[in-house]
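Reader: I've just opened this one and could use a guide. Can we go through it feature by feature?

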Amino acid sequence: FSISTYNKMWTDAQKDLDIQLQREREEFLQPEKDHVKAFKMLAASYIKYMQIFRNLEAAHDQLIHWQKRTVIRQVLDGVIGRILEIKKEMVELENSEFHYIDNILEDLKLLPEDIEVPIPRYFIKEKLEALQQREKILDQILLDAGLQTQKPVKAMTFEEAIKMIQVAERARQGRCRAAFMKQIYLEEKRERQTKLQVQMGPSPDDAATCIQKVWRGYIQRKKTEKMREEEMIFLGMSLPPHLKAMSISQMHAGQVNALQGEVQERHEEVCIKDKLRETEGLDIKETLQDQIGQCFIECRHIIGKFPDYPTEEAGGSMAILSQKTPEQVAAELAAKREMALQKKAQKGKTEKEEGKEKPKAKKPQKTGKKEEEEGWKMAPSNFLSIMEEGNSQYKAVWQNRDEGRDFLQDHDPELIKEEKREEVEEEIRVQVDELMQQKLENLRLAVDGEKSNKQKKGRKSEKEREGRRMSNVMFLVRRTIDSLYRELVEEGLLIKAKTVNLSDYVGEYSYLGTTLRQVDIEPMPSLADVRQLIALYGILPLGSQTVHEKAPLVKALLLAGPTGVGKKTLVHAICTETGANLFNLSASNIAGKYPGKNGLQMMLHMVLKVAKQLQPSVVWIGDTEKVFSKAAPKAEEEMNPKRLEKILPKFLKALKAQDRVLLVGTTNRPFDANLKPFCKVYQKIILIPRPDYASRFGKYFNQVLWKHIILQNGGAITNLLNISCLAKVSDGFTQGRIVRAVQAVLSELRLLQMTRKPLRTAEFMTSLARQDPVYKEEEETFK
């Protein structure tokens, strides 16, 4: 059932992609003067590609058929890249990183969750073993350096173990004895009370009335609670009981997902390749020998002598077989000579004309004006060809494929044979080349009486190669990546990232963005917008090599916002979702390490080398405004925070499109920095505001910040805890302050009292009052 479901999901995604590609050919090729209309076109395409992305990612993760997953992966990378290209165009049109498209979502009858950026699970799944191994090595280095303490495993002697068991057993017996004595005491007390009642003689009617009164009160309270729960479920304010508890089907799905990764990795490439070599190897070898031999004879017949055998660099026998006939080769050579002569003649003419007409014409400016008059036009894409290729491959191979007999749905042996046949042919071709080269020499000796000079040339090239290898030995005598990695960990420059998912950064979507803009009020971005930008600029390019190389390149990212909004959490989330290394180059962390200009250059060279070799990597600079500060305070002069200022642009220049390395700066006082060099280093600046009411409480109970934090810290939510009231009161407080307030209340002692004494609203309000909020003046400064 699940396989057919995800196959259908893939089919639907491919249909939508086909329609979208057709639309791109029709709409985006024509210039558009109206910027509002252009933005709507881009936003609609962005939403559609996001839906396709979600379906393709789900199908890629759940399907077991690894050949299908290969095709989906190609299209998936193309769709991700196209989303990033469209996002770049939207930013350039609006001059803002944040976009408010709630009106377009309303027209398309979609929810904000539909444009939430999904994080592809293959980012981590494909390199899970390497990441686990790296984590073990990192833990061991930290342990050896004394930077991480291991929980002591207490070794216990036999006598100590017996004593502990005896103590536990005596305590158990004591508890049993106390319970037994209590039972005897209660029985005696009951007997005394019954004797007194018999002597006094109470009326049975009074006793029955008392029992009825207690029972009716109990029943009524239960009915009221049940009615209140039903009303809350009807209003959508709480979940029904069957959704709160994890069902058996959900548990079964979790077990299936755990086993799925193992099944996805199983395939029979090696076995099929060996079988092909056994069954078809001899036929391929004979066919190649016959073809090459025929070429020799035809060439001798037309030219009058045997040809030289092409070298391995030229392609070997492939170069011979690609030539259809010797006559065609001779015709092609003659045509090339004529073309070369014509080019030389044209060059001579153009040089003379340029010499005469140099002082004239300033025409390029006019074309620029014309382009401006024409209006906005979509920039050329690096990913449309990838998507079209994947789409055509789907149509050719998978669209009308009959899969009724393929019960396992894990691989197609015939497709593997087609791929592996080429590899087998290439391997056999190398052997055939050696045989046919010897045969050619024998033919020359027997027919023409000539010796080939090929061997001497080959020997010379081999000697040259050996000389090059020997000269490169000196370059290879350098420090290994392992030693550099160890040194950076020991110095505290390479740190262990906390396990935080992007979904843990809870925040609701802003529903009033377009409405506010219509009355000329620029809305503050929501936490959902921030989460989306982190996924687009940080996670997606770092996770995929293809996307990073061809998408709009973002080398540096700045997260700016008040204290406690979750800037560091987002840095750790980028590392968790992509499996990236985390380098900490904050001014406080590098103070006193690698002193002097040469030391600083060496440190950055080491970081760059390890980051590139073990990519993806994130280089984090906390309190980055200190690096670009106008004047460092006296208290921080010893730290020398400005030492990175001049070298950071050079560090970014050294990063190329193929290097999955991202520089992330975090700051809670960006206005203290010298803005010109500051903004030159950080291409993308993301403002992270304090959470609004929607994020603190939210429409859906699974997205409540207060509830999320209370549950995360071991608390239990009951009807006595008014979360709506807490959300209203906490206006102006950041997530970090709310977390501190919750942790101050939920101590170990309070958690033990939870069953007897449920949490109340007043407890959190008292704790929250001790925290500092974000004042309006600071918020305006950030704006």
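Predicted model: local features only at pLDDT ≥ 70, side-chain atom pairs only at ≥ 80, totals over all residues.

Reader: How many aromatic pairs does a search of the whole structure find?

Author: The search finds 7. Take Y122 and F123: their ring centres are 5.1 Å apart and their planes sit at 80°, so the pair is edge-to-face.

Reader: Are Y122 and F123 buried or exposed?

Author: Buried means under 20% relative accessible area, exposed over 50%, and partly exposed in between (1.4 Å probe, protein chains only). Y122 has 4% relative accessibility, so it counts as buried, and F123 is buried too, at 2%. F678 is buried at 2%, and Y682 is buried at 1%. Across the protein chain, 37% of the 783 residues count as buried.

Reader: What about charged side chains?

Author: Side chains of opposite charge can pair when their charged atoms come close. For a salt bridge, a side-chain nitrogen of Lys or Arg must be within 4 Å of a carboxyl oxygen of Asp or Glu. The structure holds 22 salt bridges. In one of them, E388 meets R25 at 3.5 Å, N to O. E388 lies in helix α15 (residues 384-398) and R25 in helix α1 (residues 2-27), so the pair ties together parts 363 residues apart in sequence.

Reader: How many helices and strands does the protein chain have?

Author: There are 33 helices and 6 strands. Helices (H or I, at least four residues) and strands (E, at least two) are DSSP runs, numbered from the N terminus.

Reader: Which residue forms a salt bridge with E763?

Author: That's R750, with the closest N and O atoms 2.8 Å apart. E763 lies in helix α32 (residues 761-768) and R750 in helix α31 (residues 748-752), so this pair ties together parts 13 residues apart in sequence. E763 is partly exposed at 23% relative accessibility, whereas R750 is buried at 6%.

Note on methods: Residues numbered from 1 in each chain as written. Heavy atoms only, no water. Phe/Tyr/Trp six-rings, centres within 6.5 Å; stacked < 30°, edge-to-face > 60°.
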